[in-house]
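These are my notebook entries on what I looked up in one structure.

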Amino acid sequence: MSDAVDLRSDTVTLPTPGMRKAMARAKVGDSRRGEDPSVRALEEHSASLFGKEAAMFFPSGTMANLCAVSAWTRPGDVIVASSASHIAGRESPAVSHMASVAIIGIDGPGGIFSAEDVADAIAAAPVRTESKVHLVSAENTHNAGGGTVFPLAALKRIRSACGKASIPFHLDGSRIFNASVASGVSLSSYGKVSNSLMFCLSKGLGAPVGSVLAGSRDFVREARNVALRIGGGMRQAGIVAAGGLYALKHHVERLAEDHETARMLADGLENIPGMEIINGPVETNIVLFRWMSTSTELPAFRERMRERGVLLDDRGFPLLRAVTHLGIGKKEVAQALLAIRDVVKR
Ligand SMILES: Cc1ncc(COP(=O)(O)O)c(C=O)c1O
């Protein structure tokens, strides 16, 4: 459905003409041997944005998070993350199987937990698991929480709690650029508050492939070794890295437009009887909402929306997610709202 208003995720974005041109012109080499100039340029630029010593280009955020966890921990260790985080959810089979760590999930509104929660989890781990916590991870923005921004002050307190226990603090910054644009917090502040940080190029930034993991030189060397062991070594990856570098240079400021369209969508939804925004007000590009209907036809909702050319992400119906991105403007939001109003009315 090529003309659909596709709100399922910001991963559905297609490369822009400028990005395609940059990719076509990219100088490439064997990146597994460290010889791809475009990959190196992306890694150096990424490290400098966050004030880190080094960075590595990965095929996906899942692999970058896994390599971060593996680099910071040893089999049998415990890590702490929000219960609804990507690491504790979709990635947990990978981290538990391949890094052999257990995850203690902690809760907080919109996935935002506190330093006290972290200290409690650190204290509880030996009792609950006969192991110690060796890593804390926070997700910013928090996807399943509805694109919530982790406040910098909370991150600083968590970092300090981690420091007291000599535990590293990892940021799953899959959508860290959304967080920075929405909050005005600099990327270097996010870099400073974390020991390692992962961000995705293939989400709101609109690149076709890849994520970057940044940290100290030693940490990145270790993560790179893990990545190579599990088949993450790429060859002429500069073709896709060039798309990522283009995105970092041209697609960051425009994320504010996605936040505006997401707010417009949320405002419209709030005016539709039975629709409830979860964890509002919407801060970034993710709108989490629920249809509070008692209709027995509930499961047909998404299908009817699809017939109207609007695609939504089912988060366990009646919970739904809509994500705005560079393929969605005000016209598409208006179209989606019209379709939702019609389908709900029937
Ligand atoms: C918060 C978060 N972390 C990590 C990932 C994993 O990224 P990838 O899809 O590139 O593996 C995602 C993907 O949706 C995500 O939302």
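This is a predicted model: local features need pLDDT of at least 70, side-chain atom pairs count only at pLDDT 80 or more; totals for chains, interfaces and linings use all residues.

**Entry 1: the largest pocket.** The lining is made up of 31 residues. I noted that His86, Arg90, Asn143, Arg175 and Lys203 lie nearest the centre of the pocket. The elements that give two or more residues to this lining are helix H3 (61–72) and strand S7 (196–200). The largest share, 3 residues, comes from H3. For the space in the largest pocket I recorded about 530 Å³.

**Entry 2: the cavity.** I had a general idea in mind: rolling a probe the size of a water molecule over the atoms shows where empty space is left. How many cavities of 30 Å³ or more does a search of the whole structure find? I recorded 1. About 40 Å³ of space lies in this largest cavity. Its lining consists of Ser174, Arg175, Ile176, Phe177, Asn178, Cys200, Lys203, Gly204, Leu205 and Leu255. I sorted these residues into 5 nonpolar, 3 polar and 2 charged. Helix H7 (residues 176–183) provides the largest share of the lining, 3 residues. I also noted that Arg175 and Lys203 line this cavity and are among the residues nearest the centre of the largest pocket.

**Entry 3: the cysteines.** I searched the whole structure for disulfides and recorded 0. I then checked accessibility. Cys67 counts as buried because its relative accessibility is 0%. Cys200 is also buried, with a relative accessible area of 3%.

**Entry 4: strand S2.** Is strand S2 (residues 54–58) enclosed or open? I found 5 of its 5 residues buried, so the strand is largely enclosed by the rest of the structure. In a regular strand the side chains alternate between the two faces of the sheet. In S2, I saw Ala54, Met56 and Phe58 point one way and Ala55 and Phe57 the other way, and all are buried. I then looked up the pairing of S2 with strand S8 (residues 211–215): the two run antiparallel and are joined by 5 bridges. In S8, Ser211 is the bridge partner of Phe58.

How values were computed: Residues are numbered from 1 along each chain as its sequence is written. Side-chain values use heavy atoms; hydrogens and water are left out. On a 1 Å grid over the protein atoms alone, a cavity is a set of points where a 1.4 Å probe fits but cannot get out, and a pocket is an open set with protein on both sides within 12 Å along at least five of seven lines; lining residues have an atom within 4 Å of a point. Grid points are joined across faces, edges and corners, and a volume is the space filled by probe spheres set on the points. Helices (H or I, at least four residues) and strands (E, at least two) are DSSP runs, numbered from the N terminus. Ala, Val, Leu, Ile, Met, Phe, Trp, Tyr, Cys and Pro count as nonpolar, Asp, Glu, Lys and Arg as charged, and the others, Gly among them, as polar. Buried means under 20% relative accessible area, exposed over 50%, partly exposed in between (1.4 Å probe, protein chains only). Two strands pair if DSSP finds at least two bridges between them. A disulfide is a pair of cysteine sulfur atoms within 2.5 Å.
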